[in-house]
Amino acid sequence: MGKFIKIIFWLILFPVVFLTLYTWASLNWVYSYGERIGYVQKLSNKGWVCKTWEGELVLVTVPGTQAEKFYFTVRDPAVVLKVNQLAGERARLLYEEHKGVPSNCFGETSYYVYDAEEIKD
């Protein structure tokens, strides 16, 4: 009976430890980083169980052309306030891209904004 309990213990413990380490690695290892400049169109707190801040930045290169949207996630409450203040304004968002994050509880996108600033014309 003791051997059976050990096998069950390892069958449960190993996947939990592996998933924990994988999640930690995916959130701390940066695949790419950069900045996007555009107009903050939307920032909302979304989710059924895990609430995350999701936003849209409209990228306009030349007036009159089709706008592209950049979807992003914000995890830091201080940055949420900055981005909210920039709604409708031209802004620069600094982001890190994290590939392979295993759950939407950390954000719906792989782009995590860590700073935002207004662009003065």
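Two residues are in contact here when heavy atoms of theirs lie within 4.5 Å, and in this predicted model that criterion places Thr 109, leaving aside its neighbours within four places in sequence, in contact with Glu 54, Tyr 71, Phe 72 and Thr 73.

**View 1**
The side chain of Thr 109 makes a polar contact with the side chain of Thr 73, at 2.8 Å. A polar atom of the Thr 109 side chain also lies 3.1 Å from the backbone oxygen of Tyr 111. Thr 73, for its part, has Tyr 112 as its bridge partner in β5.

**View 2. The ring pair of Phe 70 and Tyr 111.**
The structure holds seven aromatic pairs, and one of them is formed by Phe 70 and Tyr 111, whose ring centres are 5.2 Å apart and whose planes meet at 55°, so the pair is tilted. This pair links distant parts of the chain, since Phe 70 sits in strand β3 (residues 68-74) and Tyr 111 in strand β5 (residues 111-118), 41 residues apart. Phe 70 is buried, with a relative accessible area of 3%, whereas Tyr 111 is partly exposed, with a relative accessible area of 23%.

**View 3. The ring pair of Tyr 95 and Tyr 111, and the cluster around it.**
Tyr 95 and Tyr 111 form an edge-to-face aromatic pair, with 5.4 Å from centre to centre and 85° between the planes. Because Tyr 95 lies in strand β4 (residues 90-97) and Tyr 111 in strand β5, the pair ties together parts of the chain that are 16 residues apart in sequence. Tyr 95 has a relative accessibility of 9% and therefore counts as buried. Ring pairs join Phe 70, Phe 72, Tyr 95 and Tyr 111 into a cluster.

**View 4. A lysine over the face of a tyrosine ring.**
Lys 99 lies over the face of Tyr 31, at 5.1 Å from the centre of the ring.

**View 5. Strand β4 and its pairing with β1 and β5.**
Strand β1 (residues 32-46) pairs with β4 in the antiparallel sense over eight bridges, and β4 pairs with β5, also in the antiparallel sense, over seven bridges. Leu 93 in β4 can be followed towards both strands, as Arg 36 stands opposite Leu 93, while the bridge partner of Leu 93 in β5 is Ala 116. Ala 91 likewise has a bridge partner in β5, namely Glu 118. Strand β5 also pairs with β3, in this case in the parallel sense and over two bridges.

**View 6. The largest nonpolar core.**
In soluble globular proteins, nonpolar side chains tend to be buried together. The largest nonpolar core of this model has 16 residues, of which Leu 57, Phe 72, Val 74, Val 83, Leu 93 and Val 113 touch the most other members. Each of β1, β2 (52-59), β3, α2 (77-85), β4 and β5 supplies at least two residues of this core. Leu 57 shows how such a residue is surrounded, for apart from residues up to four places away in sequence, Leu 57 touches Arg 36, Ile 37, Gly 38, Tyr 39, Val 40, Glu 68, Lys 69, Phe 70, Phe 72 and Leu 93.

**View 7. Thr 52 in strand β2.**
Thr 52 lies in strand β2 and is buried, with a relative accessible area of 8%. The side chain of Thr 52 makes a polar contact, at 2.6 Å, with the side chain of Glu 54, a residue that is also in contact with Thr 109 of View 1. Not counting residues up to four places away in sequence, Thr 52 touches Ser 44, Asn 45, Lys 46, Asn 104, Cys 105, Phe 106 and Gly 107.

**View 8. Ile 5 in helix α1.**
Ile 5 is found in helix α1 (residues 2-28), and at 52% relative accessibility this residue counts as exposed, because exposed means over 50%. The C-alpha atoms of Ile 5 and Gly 38 are separated by 57 Å, although the two residues are 33 residues apart along the chain.

Note on methods:
Residues numbered from 1 in each chain as written. Predicted model: local features only at pLDDT ≥ 70, side-chain atom pairs only at ≥ 80, totals over all residues. Heavy atoms only, no water. Phe/Tyr/Trp six-rings, centres within 6.5 Å; stacked < 30°, edge-to-face > 60°. Helix = DSSP H or I, 4+ residues; strand = E, 2+ residues; numbered from the N terminus. Buried < 20%, exposed > 50% of the residue type's maximum accessible area, 1.4 Å probe, protein only. Lys NZ or Arg CZ within 6 Å of the ring centre and 35° of its normal. Polar contact = N/O pair within 3.5 Å; in protein donor to acceptor, adjacent residues only side chain to side chain. Pairing = 2+ DSSP bridges. Core = buried A, V, L, I, M, F, W, Y, C linked by side-chain atoms within 4.5 Å.
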